[in-house]
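Reader: I've got a new model open and I'd like to learn how to read it. Can we walk through a few features together?

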Amino acid sequence: AKYKIKHITHYFYKSPVYESINQIMLYPIQDLHQTLHFQSIRITDSPSIEIFKDHYFNQLGIFNILKPHSELSIQSNIVVEVIPIEEPVLEISPSEQWKEIENLRNDFTLKDFLEIEDFDSKKEITEVVNSLIDKEKPVFENAFNISKYIFENFTYKQGVTTIETNIDEIWSLKAGVCQDFAHLLLEMLQIVGVPSRYVSGYICPKNHDLRGEGATHAWVEVFLPTYGWIGIDPTNNCLVSDRHVR
């Protein structure tokens, strides 16, 4: 699937800003499943963009505008191609998969993806996670089961949370949007020791059957033994495939 995506961020200031320093994270990931064919970034006053890679190898850009300005527009246009992904079939047994998951706790390259946050409802959430886990089944099937729990028990509702809403608030509200569902799935998977990471991107419109189409979106990738990273979208309870752009 090939998509053309336009992403515009527009700031309006109550009074002129004399110096603006910004970081942009608008660069699509390029790997075996996703190819960037074209990208242009247009910014007010056309400042130079310094591009570098962060700790997680994401490509970032930094720019600054020194002269006074009352508005700031950032526009990214991309053409990106995404290859469909099928549900993984691992050659090792479920018991071997869970044994490997245990071993991954000692893998320093995955340390950041196994750190559990500190929150008040951890005991209650851990009990729910333990009730959902069946280690006689594959790791991915269990991860999807937790996603299903969130999808069925939490209401997709805009305006009740912000980017700063924490796990305790999400758990109490039983509602939120994609970033909240992804945040919760991330913590629930890490409680059981499955390396997980937060992913942002877009869901591209097709049949208007997925929540969050045509806008920025968030989901989770889990690390599977002998396979690697694969995405689960708890907002739509689906495998991340060629409708999602990372």
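Reader: Let's take the sheet. In what order do the 3 strands sit, and how do they pair?

Author: Strands of a sheet pair through backbone hydrogen bonds, either parallel or antiparallel. Keep in mind that this is a predicted model. Here the order is β1-β6-β3, in an open sheet with antiparallel pairing. β1 (2–17) and β3 (34–43) are the edge strands, each pairing on one side only. On average, neighbouring strands are turned by 15 degrees against each other, direction ignored.

Reader: How many bridges join β1 to β6?

Author: There are 12 between β1 and β6 (residues 69–82). To find one on screen, look for Tyr11, whose bridge partner in β6 is Leu72.

Reader: Now helices. How do α2 and α5 cross?

Author: Two packed helices are described by the angle between their axes and the distance between the axes. The axes of α2 (residues 122–132) and α5 (residues 178–191) come within 9 Å and cross at roughly 70 degrees, which means α2 is roughly perpendicular to α5. At the contact, Ile125, Thr126, Val128 and Val129 of α2 meet Leu184, Met188 and Ile191 of α5. Those residues divide into 6 nonpolar, 1 polar and no charged.

Reader: And how many disulfides turn up?

Author: A disulfide is a covalent bond between the sulfur atoms of two cysteines. Searching the whole structure gives 0. Take Cys178: its closest cysteine sulfur, in Cys238, is 12 Å away, so a bond is out of reach. Cys204 is in no disulfide either, with the sulfur of Cys238 the nearest at 13 Å.

Reader: Is Cys204 buried or exposed?

Author: Cys204 counts as buried, at 4% relative accessibility. Cys178 is buried too, with a relative accessible area of 10%.

Terms used:
Residues numbered from 1 in each chain as written. Predicted model: local features only at pLDDT ≥ 70, side-chain atom pairs only at ≥ 80, totals over all residues. Heavy atoms only, no water. Axes fitted to C-alpha atoms, helices over the stretch in contact; angles between N-to-C directions. Helix = DSSP H or I, 4+ residues; strand = E, 2+ residues; numbered from the N terminus. Parallel < 35°, antiparallel > 145°, perpendicular 65-115°, else oblique. Contact = heavy atoms within 4.5 Å. Nonpolar A, V, L, I, M, F, W, Y, C, P; charged D, E, K, R; others polar. Pairing = 2+ DSSP bridges. Disulfide = S-S within 2.5 Å. Buried < 20%, exposed > 50% of the residue type's maximum accessible area, 1.4 Å probe, protein only.
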